[in-house]
Structures are given as structure tokens and as C-alpha cells.
Amino acid sequence: MTSETINAAASGTWKLGDLTVHRIGFGAMRLTGSAAFHHGTPSDRERSIAVLRRAIELGVNHIDTAAFYFSSLRSANELINNALAPYADDLVIATKVGPFRDYAGEWGASARPEDLRGHVEENLRQLGRDHLDVVYLRRMRQDSIAEHFGALAELRDAGLIRHLAVSDVEPRHLAEALAIAPVVSVQNKYGLDSPDPETDVLLRTCGEQGIAFVPFFAIAGKGGALGPSGTTDDVVLDVARAHDATPAQVRLAWTLHQGPHVLAIPGTGNPDHLAENVAAGALRLTDDELTRLDALHARAQ
């Protein structure tokens with residue numbers, strides 16, 4: 001595909017509540033530096049803004065962010081606001097609350113339920129919006145999420161949030177949330193190289209209930225916030241060669257093949273990587289390739 005024909009629409013669509021998004025979106029974590037959070041070096045501001053604007057040109061209409069996505073010089077939310085406001089009517093911005101970093105970038109104690117309004121309002125202020133499209137409650141090791149999710153449900157009823165979602169949860173936490181209010185999306189760590197049998201169950205449960213499943217670190221795998229580890233299995237390389245694609249594109253394509261409800265939010269601060277990521281939405285793997293990749297996923301467990 002040429003840069004003129006690459007478009008996120010090729011990945012198909014899914015609905016987050018009443019909001020239709022392309023299945024290839026954009027994760028804002030890597031906008032702020034060479035690695036997430038305080039790792040690496042801060043990004044070039046103009047380059048990050050250019051990446052965001054190019055993402056929209058390539059059909060991306062789903063951006064995943066958080067107020068705690070910042071480096072020593074850059075804030076993902078501020079970059080999004082500067083690059084994209086006034087926002088297009090079809091652009092869906094999802095954010096997360098729960099974790100907290102102070103002004104020095106140090107991680108603080110996870111939020112109490114009464115703290116979540118402040119987290120929501122901080123995202124509203126940084127993004128320059130009067131409501132948030134989708135807000136994930138990011139679980140921070142608590143055994144029950146009922147009280148926290150209930151606090152967000154109250155903010156939804158007050159008009160600050162349109163739709164609710166949960167992140168880093170087990171199936172029992174999703175059931176707990178659904179007993180309180182509708183959930184449009186679940187976001188967990190998941191990918192070809194980072195299997196988790198319990199998350200496999202959660203992915204299937206989401207599909208059965210019409211809930212989006214949005215894996216993070218689908219490309220980075222075990223590298224997590226520091227980025228891809230640099231090692232690639234021969235199976236991935238073989239499939240990549242067959243499609244004249246990159247291993248990262250194969251990982252994204254495999255992720256999208258896990259179900260029509262699965263969305264991808266690859267992040268980057270590199271315009272070339274952005275185009276490659278979006279192009280992965282048009283990559284169609286054969287049944288044989290999927291079987292081989294599924295076996296690789298299973299072996300990693």
C-alpha cells in the first residue's frame with residue numbers, strides 16, 4: 001500500500017456504545033518520549049503534533065490517552081489538545097483514571113473513589129473538553145472495583161462522562177462493573193508474545209457480550225512501556241516476508257483477527273511507524289498463518 005491509500009477504515013469498525021470507531025486507533029503513550037512515562041528522552045513537540053494530525057489524515061478516529069502520560073517536557077493530553085482541537089465530530093478520545101503521578105513524575109498512591117472526580121476533571125481541563133467520550137477505570141491491584149466504578153457511574157450520570165470502561169481486570173471484575181453500569185470496552189495487556197489464559201477468557205467474554213476488547217502492548221509484548229524487546233520468532237518473520245510486511249504489522253494483524261470486537265491502539269512518535277501501523281489494518285492473514293501464529297501464542301503460555 002502507498003501512503004495515499006493507507007486508511008484506518010480498512011480495519012473495519014466497531015461501536016463503543018453509540019460511538020463508531022475504526023478498529024485501528026492510536027495510543028498516545030509514546031507521543032511524549034522515546035519510551036513511556038519518565039523513560040527515555042522527551043519527544044520533539046512539533047513532530048508529535050505532526051504525528052497526531054497525520055493519524056487523523058489516515059482515518060484514525062479513536063485515540064487512547066491519560067493524564068498520567070507525560071515525560072519531563074511533554075504531556076500527551078496537551079499535545080492532543082494543541083494538535084486536534086477543535087475536535088472532529090467523529091473523533092473518540094478515551095482516557096484512563098486511577099493511577100496517579102505527581103508533578104515530578106513519581107507514581108503516587110492509587111486513587112480512592114472520592115479522588116476520581118479530580119482525575120476526570122484534570123483530563124477534561126488538559127483536553128479542553130466539557131465531557132469525556134470514554135473513561136477507563138484502571139484497576140490498581142484492588143480486589144474489588146465496585147466502589148471505584150460506582151463513583152465513575154455517578155460522574156457519567158452527571159454528564160462528565162459519556163461511556164464507561166475498565167482496564168487491567170479479571171473476568172470477575174467485569175461482572176462486578178456490569179452489575180453497576182454498562183461497560184463499552186475492556187483494556188488489558190495482551191498480544192501474540194504476551195499470552196494470559198485468563199485474558200483469553202476475558203477476550204471471548206467481551207465478544208459474547210458485544211463489548212470491545214482493546215489490548216495494550218500488542219506490539220511491545222514483554223517489553224511493555226520500554227518498547228519491543230527486539231527479538232522476533234521465526235514464525236512471525238516468515239509470515240511478515242510472505243506479505244512484504246513488518247513483524248509489528250503481523251502482530252497487529254493477528255490481534256485484529258482475534259475477533260471483530262478487538263480494537264488496536266498502537267502508539268508511536270514516528271510518522272513512518274504510524275503509517276505502517278495503520279496499514280496493518282488491511283493485512284489479511286491466511287488460515288494457515290493464523291494457525292501457526294495461534295500455536296506460537298499458545299506455546300508462550
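Which residues lie nearest the centre of the second largest pocket? I opened the predicted model to find out.

**Entry 1: the pocket.** I looked up the lining and found 28 residues. A67, F70, R101, E122 and Q126 lie nearest the centre. I noted a volume of about 600 Å³ for this second largest pocket. Then I checked which elements build the lining. β5 (92-97) and α3 (116-127) are the elements that give two or more residues to it. The largest share comes from α3, with six residues. I also sorted the lining of this pocket by class. I got 11 nonpolar, nine polar and eight charged residues.

**Entry 2: the sheet.** I traced an open sheet of seven strands with parallel pairing. Its order is β3-β4-β5-β6-β7-β8-β9. Next I looked at the edges. β3 (26-27) and β9 (212-213) stand there, and each has a single partner strand, so one side of each has no neighbour in the sheet. I then followed β9 to its partner. Strand β8 (residues 185-187) runs parallel to β9, and two bridges join them. In this pair, S185 stands opposite A212 of β9.

**Entry 3: the core.** I turned to the largest nonpolar core, which has 82 residues. Which of them touch the most other members? I listed L52, I80, V120, L152, V166, V186 and L293. Finally, I found a second, separate core of 13 residues. L19, V134, V214 and I265 are among them.

Technical notes
Residues numbered from 1 in each chain as written. Predicted model: local features only at pLDDT ≥ 70, side-chain atom pairs only at ≥ 80, totals over all residues. Heavy atoms only, no water. 1 Å grid on protein atoms, 1.4 Å probe; cavity = no way out; pocket = protein on both sides within 12 Å on 5 of 7 lines; lining within 4 Å. Points joined across faces, edges and corners; volume = space filled by probe spheres on them. Helix = DSSP H or I, 4+ residues; strand = E, 2+ residues; numbered from the N terminus. Nonpolar A, V, L, I, M, F, W, Y, C, P; charged D, E, K, R; others polar. Pairing = 2+ DSSP bridges. Core = buried A, V, L, I, M, F, W, Y, C linked by side-chain atoms within 4.5 Å. Buried < 20%, exposed > 50% of the residue type's maximum accessible area, 1.4 Å probe, protein only.
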